[in-house]
2 protein chains.
Amino acid sequence: MARIVMKFGGTSVADINRIRNVARHVKREVDAGHEVAVVVSAMSGKTNELVAWCREASPMHDAREYDAVVASGEQVTAGLLAITLQGMGVHARSWQGWQIPIKTDNAHGAARIQEIDGSFLAKRFGEGQVAVIAGFQGLAPDNRIATLGRGGSDTSAVAIAAAVKADRCDIYTDVDGVYTTDPRIEPKARRLAKISFEEMLEMASLGAKVLQVRSVELAMVHKVRTFVRSSFEDPDAPGMGDFENPPGTLICDEDEILEQQVVTGIAYAKDEAQISLRRVADRPGVAAGIFGPLAEANINVDMIVQNISEDGSRTDMTFTVPSADVAKAVAVLEKNKDQVGFDALQHDEGMAKVSVIGIGMRSHAGVAAIAFKALADRGINIRAITTSEIKISILIDAAYTELAVRTLHSVYGLDKQ
Amino acid sequence: MARIVMKFGGTSVADINRIRNVARHVKREVDAGHEVAVVVSAMSGKTNELVAWCREASPMHDAREYDAVVASGEQVTAGLLAITLQGMGVHARSWQGWQIPIKTDNAHGAARIQEIDGSFLAKRFGEGQVAVIAGFQGLAPDNRIATLGRGGSDTSAVAIAAAVKADRCDIYTDVDGVYTTDPRIEPKARRLAKISFEEMLEMASLGAKVLQVRSVELAMVHKVRTFVRSSFEDPDAPGMGDFENPPGTLICDEDEILEQQVVTGIAYAKDEAQISLRRVADRPGVAAGIFGPLAEANINVDMIVQNISEDGSRTDMTFTVPSADVAKAVAVLEKNKDQVGFDALQHDEGMAKVSVIGIGMRSHAGVAAIAFKALADRGINIRAITTSEIKISILIDAAYTELAVRTLHSVYGLDKQ
């Protein structure tokens, strides 16, 4: 017998038929003798509808009221799933964040979970009850509902799994696991049986939209073994209830991954833009003068590259921002031009960032060189490079994205079983 | 300065434009210096959608889960109205039943309010805050949301008005008051400036669907002056903010109504069916033998008439039930035929009940005789009669409903100003 937290996203609970399918997944685990708690998102499209109403009511709406409105989506799903499970003879009961309680901070609209006392849910397990919990929300210190920000249901599930010391947190979604790269670009992409928390974190933040970054961070901190699998498969197909080796991808501590590959996956992010400041005065504090105002304007700056000029007094500063933020970023920089002191500002949109990820890089030299050569062989121009211990990110023209992804996927041997 | 509870129904908050109109009504009262709390229903159609999902999930759904799902409708409206009011510069905040708390009993799906401690809302008034409260729900002893049954938002509003000792409870709806009869049947129907609680209770239970019966009962018990008015009028039209004499109908204690008419209004209910049991054994307990099983089957029996047979040993028992329940009632009676002992069972559908209502009847004789003669003059056959202190109800063929209503409206002088 194990203790499992199962989480189902919006597309998995989009209508009553799909909720019924979800209930069959839950019943399978209950029938196998496991202790089960379930976390659900709002029915697909509902959150957008509620958010749109808030905006229509007032463009500058109060986050506290936004939370009260938007949290209702998950409450509805939780109740409907409990009803469906009961109809199948499963002892189930829905719970909202304020009842457990899932305590958050006061940052309404983007709250962080502060504390979940596991005893409430432990009691439910003891009663043989499947607790169906509204995801994405908790109770703030002001005794009001607080939401965790978009996609927060993944975070709810992992936090609950940590609080109840679950053996596993199963994230059911509309894909059947984490792949070596996006299968829509590279049909030879393979599903990974396991991936480490650190690698998943890089994959998630680089555009593999399987899991929210925050939930992976949380899973890593609390060492919650998190399993990504599909809710759309037949719940009773062979192997689905195999506790040791179900179909999907396990996100776990690297110690659990015996044969670590050098490279685990290729991620990409389109819609990047590059901004270059030419001949910036090279003196202390200049980076703060550039990036401080951009941060204040909530612009996410990435891939910063600085080249020292020949005479050492001037420098070129190049960095990327999301394409959607270029106009805002340029406005902020022009406004601070005199303070920063630069000769010219150039910006190029239509960039893409392609990244090679793998924990094995730590102990293998020359991984980056392989990428650079492979891309050069294909005639793909590299605009910027940044690296971390387990990742190499390369900025290229977006037109070459698919070619670059396929090239890297192949050169690191990810095409092969 | 007065303290007002304002309640807005589903059609009044059906979309953001209407919510904006509602906010203008609220702002008008706030600007006039009044202390205001607001109770809202779900957006028109939302509750039906949520109820349908519960049924689809499982026909025999759990009332606790139904409550968790369905209560979300009012929660959304409360948040949206608070956002809209804030956008207009009104200090507003939404509250749900569990936060105040509005304590109910454990009868999920049709709970009754047990207690509202007025101190929470008194504090909000003290802060100059407009509390926007989700109607139709409270917190049950099991720490779960409980709903009050359909139309329960009227009851929420009156109960809150009683708890905070409001000067008035304004029920904003899609009609502009209570009329002497249904204006769709009798264009000469006049809006009543005032009506007593007792009369309104009869009007409400007899099919004048302006207010829920339970809310009128509650208003009567706690002497909450309740005002029915339209939310669709221009919130800033002349007289709308007149505290002493706004457009609409005041439901109040009969002492407040100086010139009491003998007859106040004519109500009607279509879709009644008549069931007659012929030659029932006339012995003690026979009525219980008939009506006990019907009550157990949740069939609402009305207008019971018993005629003693010539020899005194047998009796005819006639009563009405809603047309929708005829088949069920007949099945129940046939099943108990041997126990009850009757010769024959007849049933007629397509009946209507027309009622004459007026507190003045108490002190005036001959009111009923006027009705009987007027209907006879029109050739309308009376199938059954029941009376109370302030009401005469007459069962007729439904085809004559409109004629009977107009005839009675005229004969009691209600057509005249």
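This is a predicted model: local features need pLDDT of at least 70, side-chain atom pairs count only at pLDDT 80 or more; totals for chains, interfaces and linings use all residues.

**A close look at A:V90**

Modeller: Happy to! As for its place in the chain, A:V90 sits in the loop that joins helix 4 to strand 3 (92-95) of chain A. Leaving aside residues up to four places away in sequence, A:V90 touches A:V26, A:K27, A:V30, A:L85 and A:V130. A:Q129 is 39 residues from A:V90 along the chain, yet 8.1 Å separate their C-alpha atoms.

Now to the contact between the chains. Chain A and chain B meet through 28 residues from chain A and 28 residues from chain B. On the chain A side, at least two residues each come from helix 1 (16-31), helix 2 (46-57), helix 3 (63-70) and helix 4 (72-87). Helix 4 of chain A gives the most, with eleven residues. By class, this side of chain A has 14 nonpolar, eleven polar and three charged residues.

Finally, the domains. Chain A is assigned domain 1 (3-254) and domain 2 (265-411), and their centres, taken over C-alpha atoms, are 34 Å apart. In chain A, 15 residues of domain 1 are in contact with 15 residues of domain 2. Helix 7 (residues 197-205) of chain A gives the most to the domain 1 side of that contact, with four residues. That domain 1 side divides into five nonpolar, four polar and six charged residues.

Technical notes
Residues are numbered from 1 along each chain as its sequence is written. Chains are lettered from A and ligands numbered from 1 in the order in which they are written. Two residues are in contact if their C-beta atoms, placed from the backbone, lie within 7 Å. Ala, Val, Leu, Ile, Met, Phe, Trp, Tyr, Cys and Pro count as nonpolar, Asp, Glu, Lys and Arg as charged, and the others, Gly among them, as polar. Domain bounds come from an automatic or database domain assignment.
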